[in-house]
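Subject: Structure handover

Hi,

Here is the structure I promised to pass on to you.

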Amino acid sequence: MNLNLLFPTVIGQIKNKNFTDKVKPIAHSLLAKSNPNFWNYHSSYSDKNISAELNNYAFIYDYIKNISFEFLDKNGYKSPSEIEIEMFVSRMKKGEGHGRHRHPKAILSGVCYLTIEEGSAPIRFYNNDFKQWLGIEIKNNTLYNQHHNDHFPEEGDILIWESWVDHEVVSNY
């Protein structure tokens, strides 16, 4: 029997340390203005002023827009003529994480890894395929039945994915 992979979950990955090194001092400056959020780590997630400030850096906005359009194009989608980009910065320390979630009002989600400390946790992407909920026992882990996939980031990693994909940042070690 042939197994045809029909509905894959695609995660785009780019390594661009030059870009992330250029963003790093801006992010550190913005994080200095932030307080721990209701998830208990430093983030500018709900601060629309910081998102607007990040969008004002043309090199950041243009790069994120371009990789978003490239991701859409490579996945067979037509890019919209205009795109709204919400950006934020966050920092997680030992014991901090961000539970499983998705971004339902967005088209794409992504992350740029600026600094990775020893013991940093992975970002975990979940398989949203309903058969995972049926209680069928898995005898061998395969591409077709894996529950989740962990990406252990390195500095300069940039990931992008469709926003319906459940993901989390596991608590840092």
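Below is what I found, starting with the whole chain and moving on to single residues.

First, some housekeeping: this is a predicted model, in which local features need pLDDT of at least 70 and side-chain atom pairs count only at pLDDT 80 or more, while totals for chains, interfaces and linings use all residues. Residues are numbered from 1 along each chain as its sequence is written, and side-chain values use heavy atoms, with hydrogens and water left out.

**The chain as a whole**

The chain has three helices and nine strands, where helices (H or I, at least four residues) and strands (E, at least two) are DSSP runs numbered from the N terminus. With a radius of gyration of 17 Å, close to the 16 Å from the globule rule for 173 residues, the chain is as compact as a globular protein of that length. That radius is taken over C-alpha atoms, and the rule is 2.2 Å times the number of residues to the power 0.38. The C-alpha trace spans about 55 × 40 × 30 Å along its principal axes.

Of the 173 residues, 38% are buried; buried means under 20% relative accessible area, exposed over 50%, and partly exposed in between (1.4 Å probe, protein chains only). The accessible surface is about 11400 Å², and carbon and sulfur atoms hold 52% of that. These areas come from the Shrake-Rupley method with a 1.4 Å probe, and for residues only the protein chains shown count as cover. Taking contacts (heavy atoms within 4.5 Å) between residues at least 6 apart in sequence, 82% join residues at least 24 apart.

**Salt bridges**

I found 11 salt bridges in the structure, each being a side-chain nitrogen of Lys or Arg within 4 Å of a carboxyl oxygen of Asp or Glu. One of them joins Lys 15 to Asp 157, with the closest N and O atoms 3.0 Å apart. Lys 15 sits in strand β1 (residues 11-15) and Asp 157 in strand β8 (residues 157-162), so this pair ties together parts that are 142 residues apart in sequence. Lys 15 is partly exposed at 48% relative accessible area, whereas Asp 157 is buried at 2%.

Helix α1 (residues 17-32) holds both Lys 17 and Asp 21, four residues apart, or about one helical turn. Their side chains form a salt bridge (3.0 Å, N to O). Lys 17 is partly exposed at 34%, and Asp 21 is partly exposed at 34%. Lys 17 and Asp 21 also belong to a salt-bridge network with Lys 24 and Glu 155.

Then there is Glu 86, whose salt bridge with Lys 48 has its closest N and O atoms 3.1 Å apart. Glu 86 is in the loop between α3 (58-74) and β3 (90-91) and Lys 48 is in helix α2 (residues 48-55), so the two tie together parts that are 38 residues apart in sequence.

Ile 85 lies in the loop between α3 and β3 and is buried, at 10% relative accessible area.

Asn 172 comes in the segment after β9 (167-169) and is buried too, at 12%. Leaving aside neighbours within four places in sequence, its contacts include Met 92, Glu 96 and Ser 120.

Enjoy looking through it!
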